[in-house]
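Try each task before you read its solution.

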Amino acid sequence: MIFFNILLPIIIIGILAASIGLDNLSNGSLEFPDLYYQLSLISPLSVYSALIYLVIGSQSVESIPISYPEYYTAGFMALILFIWIVTFLFLSYWRFRRKDI
């Protein structure tokens, strides 16, 4: 989980800063490129956060509205989470099936 919680966001923000520039990143009024959203689909935490935002919306008084690309739908986010779950269940089953306990 260290990769998804610490390292992957640093890598994504680094790629974002390199592609749009550090000045544009710090002023707060920018549009993220599609590459940022595509890389965010790698992390199940980002996918889950986007799914919750798409389904429930923001409940905070001072929240900044997030504009996701058109392909960020609740169904697509749920599908990606389902793929994460099924993939790791299959890999776990396959790995422990081969072990002699």
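The exercises below go from the overall fold to the aromatic rings.

This is a predicted model, in which local features need pLDDT of at least 70, side-chain atom pairs count only at pLDDT 80 or more, and totals for chains, interfaces and linings use all residues. Residues are numbered from 1 along each chain as its sequence is written, and side-chain values use heavy atoms, with hydrogens and water left out.

**Exercise 1.** Find how many helices and strands the protein chain has.

*Solution.* The protein chain has five helices and zero strands. Along the sequence, this reads α-α-α-α-α.

**Exercise 2.** Classify the ring pair of Tyr-53 and Tyr-68.

*Solution.* First, recall the rule: rings of Phe, Tyr and Trp (its six-membered ring) pair if their centres lie within 6.5 Å; planes under 30 degrees apart are stacked, over 60 edge-to-face, and the rest tilted. There are seven aromatic pairs by this rule. Next, Tyr-53 and Tyr-68 have centres 5.9 Å apart and planes at 70 degrees, an edge-to-face pair.

**Exercise 3.** Which residues form one aromatic cluster?

*Solution.* The cluster consists of Tyr-37, Tyr-53, Tyr-68, Tyr-71, Tyr-72 and Phe-76.

Key:
Helix = DSSP H or I, 4+ residues; strand = E, 2+ residues; numbered from the N terminus.
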